Amino acid sequence: MIPTIAPHEWRRFLWAAVAGAIIFIFTQIGPIAGDQLFSSSTTPKVISKSEAAQTAEAFVNKQFHEAAVSSHTIYQTDSLANGYFSKEDLLKTYEDQYDTKFPTDTFQVNLDLEDGSNAIVYVHMTNGSVTGWHWLGASPTDNGKLQQTAAKAFAITKGFRSEELKSLYINDDGDVVLHPTGYKLGDATLELIIGVGLIDDKAVITRYKPAFQAPASYITYVDGQKDIGSILSIVSLAYMCFISLVLSIIYAILYRRHTTFKRGVFISLVFIVFYIYNNLNVLDGIMASLGEQIRSDAEMNATIIITVVLLIPVGLAVYFALVAGDGMWRSQKRPLWPGFRERGYGDHVWRSVGLSYLFAAVILGCQAIIMIAMEFLAGSWATSDPTQSPYNTNMLWLMPMMAWCAAISEEAIFRLFGIALFKKWFKNTFIATLIPTTMWALGHVGYPIFPFYTRIVELVILGTVFCLIFLKYGFITAVFTHAILDSLLMGLDLIGVGGAVNITAAIIYAILPVIVAWTIKYWHNRRHLRA
């Protein structure tokens, strides 16, 4: 029997959805829109990556008399500085006082030069100025006095006064490090890294990197948080490898008479194609995480191959979770994932999508309340992460397809199969929902939000809501709710980046679930009319 969704069911959640939408708009969208409204005349536009590349190529030509053979632009960020300023509520002060000359967010242009050397140039994302660089083409020097004299003289040309530059030393990389006095925000201080090399026995500035350094206590704390997060991520990964793949295969075989191995083939193939593509679409984020390490084409191709190979087991885990989960629920006379051939399937899908928009609005409101509460109770804060930035997505307008990948895979593994498995083991619905929900939450601790348990608390609560939706209204409703929620959030990222293509894509992804549901309903009804 298909899970019942009465035509008037949406009325039960209408006011909760309205409240959730209002809370989300006023707490998340309102402040951003207000800032843009009142500063629209002065808010600079982000330059394109191609403009950043042109600026970098012109710079190395003028500065080092070298022509660029090729270039690749990625988004780079100083997560530690951004996180510290965010935690101490100093971001606005930093932007007003220091962002023009010492930005924490830049375009990093990696250049291959005609002489066979490499250069890395950092370009300001809004004013287009060169804010730093690292050229690997000059000969090194171990003349410490020459290095310090040249570095200090260069710093003066960048607007620093001689009396501000008394603190200087040479680090393990052979670069001069200066800490100009008077450049301080909270407990963060400005550091200048200046590299000096030789060309025809003449000193040349090969590296210039100005950046605010977060205090040591903050860095130690964040490193500890990341270590804990890494351990918890391994626990979640172990769950994925053993429970999701190994046990789902076993239970798919054990419950094969209650289902069919044809179930989930199409949806699993759709998932793995988009999942692989989306992971390849964010390779720039991986490059950014490597900092100034230069990767050859062969190394990047190897990364692509490894990425594809490692993602195939994920696709298999999703497929067997779908088969095993369907069989286990049907063995209990609870077909929480109805099939296309079942009568009433089309209407079920159509009512599911309508209900899912209401659930998504409720969850958005709940999420906003949780994050505000965690900020107040635990002092939670977020920072930047180049691996998750839309600026490091090659085809940004395709990014929201990841919403469908997450919805399909996570609802299959953690809800459809996970709850069925633990309910069979423990004979208790609460425990059966708590264990996979916790494992789901642990898989998200890698996000740049601190303390690490912020996301665990958030997602255990929201995961429980998804479990209730799944148990009451079925797998399809849970998938639609998840996809709508993530599509709306990713769509806001698209709108934030701007551009007609991105804004149009955000609108299309917001209504895509309706299009999908209507198509399924129409196709199903026609098939049954012909039958």
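1. Before you start: a residue counts as buried when its relative accessible area is under 20%, and as exposed when that area is over 50%. Keep in mind, too, that what you have here is a predicted model.

2. You'll find K333 in the loop between α9 (297–331) and α10 (345–378). Have a look at its backbone as well: phi of K333 is positive, about 65°, although K333 is not a glycine. That's worth a second glance, because most residues other than glycine have a negative phi.

3. D201 sits in the loop between β8 (188–199) and β9. Is D201 buried or exposed? With 73% relative accessibility, D201 counts as exposed.

4. Now zoom out to the whole chain. The protein chain has 15 helices and 11 strands. Its radius of gyration is 27 Å, close to the 24 Å that the globule rule gives for 531 residues, so the chain is as compact as a globular protein of that length. Along the principal axes, the C-alpha trace spans about 85 × 45 × 45 Å.

5. How much of the chain is tucked away? Of the 531 residues, 47% count as buried. Look at contacts with a separation of 6 or more, and you'll see that 74% of them involve residues 24 or more positions apart.

6. A quick word on charge. The chain carries 39 positive and 41 negative side chains, and the centres of these two sets lie 19 Å apart.

7. Next, find strand β4 (residues 130–135). Five of its six residues are buried, so β4 is largely enclosed by the rest of the structure. Which strands does β4 pair with? One is β3 (residues 118–124), which runs antiparallel to β4 and is joined to it by five bridges. Here V123 stands opposite V130. Another is β9 (residues 202–213), also antiparallel, joined to β4 by two bridges. In that pairing, H134 has R207 of β9 as its bridge partner.

8. Last stop: the bond between F450 and P451. This peptide bond is cis, with omega about -5°. P451 is in the loop between β11 (449–450) and α13 (453–473).

Key: Residues numbered from 1 in each chain as written. Predicted model: local features only at pLDDT ≥ 70, side-chain atom pairs only at ≥ 80, totals over all residues. Heavy atoms only, no water. Helix = DSSP H or I, 4+ residues; strand = E, 2+ residues; numbered from the N terminus. Rg over C-alpha atoms; globule rule 2.2 N^0.38 Å. Buried < 20%, exposed > 50% of the residue type's maximum accessible area, 1.4 Å probe, protein only. Contact = heavy atoms within 4.5 Å. Lys, Arg positive; Asp, Glu negative; His and termini not counted. Charge placed at Lys NZ, Arg CZ, Asp CG, Glu CD. Pairing = 2+ DSSP bridges.
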